[in-house]
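Work through the exercises below with the sequence and the model in view. Each task is followed by its solution.

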Amino acid sequence: MNYLHDVTALARKDLLLELRGRDTLPAMLLFVIAMLVVFRFALPAEASKDATGGLLWVAILFTALLGLTRAFVPEREQRVLDGLVLAPSDRSAIWLGKVAATLAFLVAAEAVALPAYALFFGGLSWATLAAVVLADVGICTVGALLAAMAVAGRARELLLPLLFLPLAIPILVGGVGAGVTDEPGRYLGFLCLYDAVFAILAWASFEYVVTE
Amino acid sequence: MIHAVGLEKRYGAKRVLRNLDLDVEQGGFLLVTGPNGSGKTTLLRLVAGLAAPTGGVLEVRAERRDLGFLGHEPLVYRELTALENLDLYGRLYHVPERRERIGMLLERFGLWEARSERVATYSRGMQQRLALCRVFLHDPSLILLDEPFSGLDAEGAELLDRELAELRASATFLVSTHDPERLAPLASDQLRLAA
Amino acid sequence: MLFTGIALALLWAPEDADQGPSQRIFYLHVPIALTAYAGFAWGAWKALRLLWTGDSRYDLESYTGVHMGTIFGTLTLVTGSIWAKTSWGVWWNWGERQLVLFLVLFLFYGAYFMLRYSLADGPARARISAVYALFGVVLIPISFLAIRLAENFIHPVVFTREGPQMDGSMFFTFCVCLAGMLLLAGALYRNELTGKRLDARLRELREALA
């Protein structure tokens, strides 16, 4: 229970920072809406439902990237990460706290983006909604770990999309597949598998990313 | 409590520490001096476990919760207040009666009035005081201080003198400084690192 | 010696090639692909050893393994593309799973090198790149599964490659090619590793003298 207590304390701190600075969530919200509007003009009028569904996923992925790029910025300034690493809690709690916080931002952005998508492009299936939830978990578990890697390097903001996108392709496949095929179950199952595998891997390896 | 033989630390090809032997008994107070770039900070980071040695043996008989570490940076969030920062650390260290302890420390280091202001608005000296509050918050038994007096004004330095004298009997210390005179009366041993 | 092995296999191969000359590249393409997997797996294994033992010498071994994997992975893309051209008349075909997978892996390991160059030399770089290399071998099966699933909606017509019905001599040729390719990769690996170690040693000495 101490572990959950630590995770909550860390996630709470991130929400507090966001409340203070307001520099991530509003940006994500505006960005995702802007993406949807841009797509409206990028598509021919008779674009199929499948094509717009794919674009929704691109919008989600890039909005998540925007949030993830900011994820470890407060820790990078003044090397606060050292302070967290020194604390007696298990290091993976730092990762899980970050996952919880980024997940909260992403879900908040989607709470606006999905209705907007339904409004602009007409309709949203339950399968897509379920896939979004599962994909969010995968995006944040993998993304939080990669974000910690990226801030350690010189290239930082530039690096995260490069690290993240190849790993996000399976998420995209699962999400798009659940929306456009007749049997979403297989794709949702695949997303569950992805989440489980990478959550375990990220949980086990985070300590190595933040310590020497 | 700290035992090192032939300790070596390299960053890439650059050797920062070489062949260092070190022994600090429980209750000891080791003063580390030496010019800039002699590896004082690296030594403290090694002992804290923030860096891994590239050679030699290093044994530190203390768990992470027993460790109090003051580095160059205050290790606090600039956009949070002093109270919020200490509250976070208090939770992570599972400090009993957290609020009372935080209030007491802020009072003692003269930050109580500024407790609800963002750290970004603090002066260098106030940030150092807050960093010291963070170090002492969980009552550590092994205290590592890297230039603890830097940034402190006369009043702050006296506060720290008093605090160190008070804790001298109950904790083990490893302190790096440019100004060994000030701490010499407390020290049980001195280590001079060559450039 | 390895080269004679490959050359012999290539010269010997035509007698079995009943699908025309295009089939011959199979003896080159598939061993190259398998060698690339071997490189990635080797790199990941050394990465795991690094994280497990904390011994920094595994860093260079892991890096060199991944490097070999990437070189052979890129060759796989090239030979696969040539094969696609000769078999189907197009340079790229999204229906070919292996090729799509190698494209994903190419992007992933490209990012691996970017990550390494972005980090300062030291134990942090060793550990972070090791973790990323481990993600790579987990990504391989997951991506393969994803590509199979994606065929249902991206590319409904699945090209079924003529399952290589290999008789004895074809199989033997294939094995010789694979062994030759693995030996070549192994030799390159050792060569590069020795060079890199020498480099590091030299830098150390220079630092010690300075």
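**Exercise 1: chain B**

Of the 195 residues of chain B, 40% count as buried, that is, with 20 or more other C-beta atoms, placed from the backbone, within 10 Å of their own. This is a predicted model, in which local features need pLDDT of at least 70 and side-chain atom pairs count only at pLDDT 80 or more, while totals for chains, interfaces and linings use all residues. Residues are numbered from 1 along each chain as its sequence is written, and chains are lettered from A and ligands numbered from 1 in the order in which they are written.

Task: state which elements chain B has and whether its radius of gyration agrees with a compact globule.

Solution. 
1. From the N terminus their order is β-β-β-α-β-β-α-α-α-β-α-β-α-β.
2. The radius of gyration, taken over C-alpha atoms, is compared with 2.2 Å times the number of residues to the power 0.38.
3. For 195 residues a compact globule would have a value near 16 Å; chain B has 17 Å, which agrees.

**Exercise 2: chains C and A**

Task: describe the side of chain C that touches chain A.

Solution. 
1. The contact (C-beta atoms, placed from the backbone, within 7 Å) takes 27 residues from chain C and 28 residues from chain A.
2. Helix 4 (97-118) and helix 5 (123-154) of chain C each give two or more residues to this side.
3. The largest share, 18 residues, comes from helix 5 of chain C.

Note on methods
Contact = placed C-beta atoms within 7 Å. Helix = DSSP H or I, 4+ residues; strand = E, 2+ residues; numbered from the N terminus. Buried ≥ 20, exposed ≤ 12 C-beta atoms within 10 Å, placed from the backbone.
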